[in-house]
Amino acid sequence: VRTTDEAVSGPEGPTPGNEPNGSTDHADHISPLRVILVGVAIVLGIFLFLLTFDFLRRPNANRLAVVAVAIVVGVGGIFFLYWAMNRVVDLFPAWLRESVRPYVFVGPALVILGVFLVYPVFNTLMLSFKDGISRDWVGLDNYRFVFTDDNMLRALRNTAGWLILVPLVAVSIGLAFATLADRLGRGEAVAKSLIFLPMAISFAGASITWQLIYSYRPQGFGSNIGLLNGIMIGLGQAPVKWLELKPWNNLFLMVIMVWMQTGFAMVVLSAAIKAIPDEIIEAARIDGASEMQVFRKITVPSILPTIVVVTTYMVINAMKVFDIVFVQPASVEVNGTAVVAERMIRWFFLLHNNGRGAAIAVILFVAVIPVMVWNMRRFREQEAIR
Amino acid sequence: VSTPAIPAPDAAEARAPGEVRKGRWFVRITILVIVVIWLIPTVGVLITSFRPENLVESSGWWTALAHPFRTAGWTIENYRLAITAAGFGNSFLNSLAVTIPATVIPITIAAFAAYGFAWMDFRGRYVMFVLVVGLMVVPLQMALIPILRLFTQGATLFGFWVFPDLDLNQSFLGIWLAHTGFGIPLATYLLFNYIASLPSSIIESAKMDGADHFTIFWRLIVPLSIPALAAFAIFQFMWVWNDLLVAYVFLGGAGQNRVLTVALRELVGARGENWHLLTAAAFISMALPLVVFFSLQKYFVRGLTAGAVKG
């Protein structure tokens, strides 16, 4: 935590000479002209904003124009907001100015978080103790449902599988690839980019992509155009319904996420590997350490903190996995591929039961907390070292 | 394997040449195998999207590789259909209108906040910072319903309007604000790590020269933080562009403002196995993130790892 700031700015006092920003254009006098100019600019800005807000809602407006206006308003609006707030604070009496200004900087973040994260947490918590249409209190009924319903229990088991296997496999492959690519020399950047490529694809796009691998058609419904069944037929085997093959279908879905996330793990780990001083590795090699020994005794211990960070990130991602399962055309219940986040959306939006949906969301929240607390504690330790 | 401990400039030279060559081939082949496996699904989409409908439906995409120069086997008709008839042209524009502000707004807010937490002095600073960053624990899913209710009904507390009914549902402003709320905790955390580690001497000397906080932030902190800002911008851009959940909830499945991912999901739902259209549409949705990533990847790696590596 910084203390230098305090030392420089000194005590907030009424003497303008002590002000850190006691330059001429922030002098104590505030000319009426300035007040008027700032006022006019702000009123004009708000007026323009409301005008475009109306335009953006017009149903038959030209799409290109709407999109252009939206981008200008969105990007310009946020810059204008801070400029205007700062100007207004400049008009405050000198003794007040610098104690208000920090809130110009952190205030908007606090307000937005209050509305979009803090309030929803309490609201969801409340909803989870009410019935499906949020009218009557039902006590713990929704939680009882979460821990007794067959599909929910399966979802809990499946999610546990996701958050163990996906990070494990993705980080392992990522680490192996980063280590090997480091020795590749020419072509390293290209190879790394190609592994990272799926990271730029949406989950919706990825599941379409993987349909081309897993697709199955029964006899008489067209030829099998999925790659895996193409291989099966090539080998003289009967085609397989990959995504209905319980319980392996869960693994096949996890493969999609591993495919998408390995690139992220690899890029971050690769940067950490590059930060290990060359001399250490050279010295070990000269002393006769085999490549495997270098990897186990030097590389892994040096980048352990990074491995932990990446794994945590992936555990949380896997806990919240939703799209991959949700966009599958076949029934999640029949195939036994339910996961917690997918259950939550289904109960909220498709089965319109706010209480159960909220209870599942709370379970998700409670499950994430220990991981994050642990992460934050590590962050604090790091801060202390700094 | 023991080699004499002679100080050699390159460790590889200290080895038997045969062993080095064997190791190098092992590395090359392993890398090649992983890369090929990783590319197969994407290549499948790319090839399918350029094949005419009847061929897509009757034979696997890999068969096209057998005779790549047969011109009857290739077409761009799928892309034409997807952009015009299936409405992916409009959806592409909508995705831009959602993504660009939903990237710029949270980064701006988070950068101001990170500067405030790192370099300004005020009461409750530490508590507020912990609160902001601690909100990373809140899963997106937990916030959806209450926010949707705010957008459609507003909120009253003891009979007073705390949050007016602005009718933000299905509007760009609504989804920008939602993405902003979800993005700020991580953005503040990453940017704080970066901005707080800038040398205090430059900020002090700027203050000596009479610069106020706003000027220091704009003229000094922002230019110096470009790597971190760019890294988070790419991250947020790809996340918002590829997001299905938030767009589905706040912009809806139909209507003028629907974005690419939602249109893609609707296409899966509406037409069953229309592979030629689906793959072309999927590729349209991948194009921009790929361009953004490949043109800015050096920032991405440098910025995201700035915090992690130090640990």
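These legends go with a few close-ups of a predicted two-chain model.

View 1. Ser193(A) sits in helix H7 (residues 188-196) of chain A; helices are DSSP runs of H or I, at least four residues, and strands are runs of E, at least two. Ser193(A) is buried, at 8% relative accessible area (buried means under 20%, with a 1.4 Å probe and protein chains only). Leaving aside residues up to four places away in sequence, Ser193(A) touches Phe294(B) and Gln297(B), where contact means heavy atoms within 4.5 Å.

**View 2. Chain B by itself.** Chain B has 13 helices and two strands. Of its 311 residues, 56% are buried.

**View 3. Where chain B meets chain A.** Here 137 residues of chain B contact 124 residues of chain A. About 11,700 Å² is buried between them, 75% of it from carbon and sulfur atoms (the accessible area, 1.4 Å probe, that two parts lose on being put together, summed over both). On the chain B side, Trp38(B), Gln141(B) and Met142(B) lose the most area to chain A, together 7% of what that side buries. Helix H4 (residues 88-119) of chain B gives the largest share of the side touching chain A, with 18 residues.

**Notes.** Residues are numbered from 1 along each chain as its sequence is written, and chains are lettered from A and ligands numbered from 1 in the order written. Local features need pLDDT of at least 70, side-chain atom pairs count only at pLDDT 80 or more, and totals for chains, interfaces and linings use all residues, while side-chain values use heavy atoms, leaving out hydrogens and water.

Notes:
Buried means under 20% relative accessible area, exposed over 50%, partly exposed in between (1.4 Å probe, protein chains only).
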